[in-house]
Amino acid sequence: MKTVNDFNFKGKKALIRVDFNVPLNENLEVTDTSRIEAAKATIIKILEDGGSCVLMSHLGRPKENEAKFSLKNIVESVRDIMGVNVHFAGDCIGKMATEAVANCAPGEILLLENLRYHSEEIAGDRDFAEKLSKLGDIYVNDAFGTAHRAHASTAVIADFFPGQKCFGLLLASEIENINKVLGNSTRPVTAIIGGAKVSSKITIIENILEKIDHLIIAGGMAFTFVKAQGGKIGNSLVENDKLDLALDILKQAKAKGVEVHLPIDSVAADAFSEKANTKVEPIDAISDGWMGLDAGPATNAHFAAVVLGSKTILWNGPVGVFELSKFSNGTIALGQAITKATAEGCFSLVGGGDSVAAVKQFGFSDKVSYVSTGGGAMLEMLEGKILPGIQAISS
Ligand code: AMP
């Protein structure tokens with residue numbers, strides 16, 4: 001796996017695909033700079049070598065060239081974070097881009113306008129990719145968030161850089177950390193799969209069963225498993241068309257020697273609301289009209305014991321409706337157990353949408369081993385797929 005550390009960028013122009021798809025408020029100010037910070041190590045390495053950085057990214061899903069999706073809005077944030085002057089080109093191809101690249105001196109950064117102002121980007125258009133490729137000497141992909149897309153700038157472009165392409169440090173560390181779970185992991189390995197829907201996690205569960213010792217199934221999706229086994233779940237979330245599948249997953253797990261842990265009890269509520277009345281009930285005896293919205297105390301203790309006995313942990317999906325503080329205790333308790341296990345030497349990887357949000361919200365980000373930056377990309381890797389953006393650099 002070649003990374004930017006395998007190249008000397010002195011006098012070279014690095015064409016870097018970054019993921020600067022950051023959130024902006026109504027004044028078009030960046031409200032969360034994490035994605036820009038995540039690319040810093042790669043950019044600084046290239047600048048310190050004496051190279052220049054030509055940055056390409058998308059922002060949002062523009063239909064036309066709407067100004068609110070212009071990357072011009074983030075120039076100041078990039079400048080503040082990188083600590084050097086940042087030039088901007090009003091288009092990512094054509095004369096404007098070519099001239100701006102020619103004027104970008106060693107030690108400087110040029111940010112190109114939103115790639116998705118051109119529909120050819122998402123279409124993976126080869127001619128468009130070739131035009132982009134003229135803007136640099138070495139192609140670097142550091143955009144894990146879009147590595148699962150076969151777009152022009154994330155995959156197709158790599159063909160135009162034989163021997164002159166590599167991973168950025170963020171993308172390399174994402175791959176390395178996910179492989180610590182999916183590859184040669186230290187046992188026992190525990191996967192915690194929570195969240196709302198079984199249907200969105202089936203492929204992940206099936207792919208990781210070979211690699212794990214314990215599977216914790218939690219959150220709303222646990223009720224499909226509970227109902228499939230004959231439990232009474234009241235009005236809790238369920239996917240009735242997935243009951244057989246749930247039983248099949250339990251069978252597969254057993255055949256592979258994986259110990260499955262379902263919740264024991266639940267905080268049941270009479271409404272999906274912060275003001276709801278609540279009571280703790282056994283997971284398979286939820287009252288009619290009530291719904292389980294968080295893991296109960298017995299569950300929290302059991303999950304913590306499993307976590308503390310693990311050497312490798314993958315956490316994807318919250319164990320309750322953590323967005324409402326009344327139902328956030330289970331997710332917090334699980335986060336605390338994982339951070340304790342991590343402090344005791346366990347490797348813990350958190351990834352995929354809502355669990356990352358939970359980890360950030362409750363202040364666990366620095367206390368787990370790795371928080372993945374790519375939602376969809378991370379999930380597809382866990383599903384066992386080879387991501388186009390990764391393959392394009394590796395081949
Ligand atoms: P997912 O995107 O599938 O990982 O699901 C995340 C969502 O699942 C979060 O918004 C949680 O609020 C929700 N969730 C977790 N537990 C439950 C539950 N017991 N009932 C309903 N929703 C839940």
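Is serine 287 buried or exposed? I looked this up first. Serine 287 is buried, because its relative accessible area is 19% and buried means under 20% (exposed is over 50%, partly exposed in between; 1.4 Å probe, protein chains only).

**Ground rules**

I am working on a predicted model, where local features need pLDDT of at least 70, side-chain atom pairs count only at pLDDT 80 or more, and totals for chains, interfaces and linings use all residues. Residues are numbered from 1 along each chain as its sequence is written, and side-chain values use heavy atoms, with hydrogens and water left out.

**Entry: serine 287**

I placed serine 287 in the loop between strand S11 (278-282) and strand S12 (291-295). Helices (H or I, at least four residues) and strands (E, at least two) are DSSP runs, numbered from the N terminus. I then listed its contacts, meaning heavy atoms within 4.5 Å. Leaving aside neighbours within four places in sequence, serine 287 is in contact with Lys232, Gly234, Lys279 and Glu281. With glutamate 281 there is also a side-chain to side-chain polar contact at 2.4 Å. A polar contact is a pair of N or O atoms within 3.5 Å; within protein, one must be able to donate a hydrogen and the other to accept it, and residues adjacent in sequence count only if both atoms are side-chain atoms. I also checked the distance to glutamate 323: 36 residues in sequence, 23 Å in space, C-alpha to C-alpha.

**Entry: the ligand**

Glutamate 323 turned up again here. Of the 14 residues around the ligand, Ala196, Lys201, Gly292, Glu323 and Asp354 come nearest. Near means that a heavy atom of the residue lies within 4 Å of the molecule or strand. A side-chain N or O atom of glutamate 323 is 2.4 Å from a ligand oxygen. For lysine 201, a side-chain N or O atom is 3.0 Å from an oxygen of the ligand. A polar backbone atom of glycine 220 is 3.1 Å from a ligand nitrogen. The protein covers 81% of the 510 Å² of accessible area that the ligand has on its own. Accessible areas come from the Shrake-Rupley method with a 1.4 Å probe; for residues, only the protein chains shown count as cover. I sorted the shell by class: five nonpolar, five polar and four charged residues. Ala, Val, Leu, Ile, Met, Phe, Trp, Tyr, Cys and Pro count as nonpolar, Asp, Glu, Lys and Arg as charged, and the others, Gly among them, as polar.

**Entry: serine 266**

I found serine 266 in strand S10 (residues 265-269). It counts as buried because its relative accessibility is 1%. The side chain of serine 266 reaches the backbone oxygen of aspartate 294 at 3.0 Å. Beyond four places in sequence, serine 266 touches residues including Phe223, Val280, Ile283, Gly292 and Asp294.

**Entry: histidine 58**

Where does histidine 58 lie? I located it in the loop between strand S2 (52-56) and helix H3 (75-82). Histidine 58 counts as buried, because its relative accessibility is 4%. Its side chain makes a polar contact with the side chain of arginine 17 at 3.2 Å. Another such contact goes to the side chain of asparagine 21 at 3.4 Å.

**Entry: aspartate 137**

I found aspartate 137 in the loop between helix H6 (126-133) and strand S5 (138-141). At 37% relative accessibility, aspartate 137 is partly exposed. Its side chain reaches the backbone nitrogen of lysine 13 at 2.7 Å. Not counting residues up to four places away, aspartate 137 touches Gly11, Lys12, Lys13, Phe161 and Gln164.

**Entry: leucine 209**

Leucine 209 sits in the loop between helix H8 (202-208) and strand S8 (214-217). At 1% relative accessibility, leucine 209 is buried. Its contacts beyond four places in sequence are Leu215, Ile249, Gln252, Ala253, Lys256 and Val258.

**Entry: the whole protein**

I counted 15 helices and 15 strands. The C-alpha trace spans about 70 × 45 × 40 Å along its principal axes. Buried residues make up 55% of the 395.
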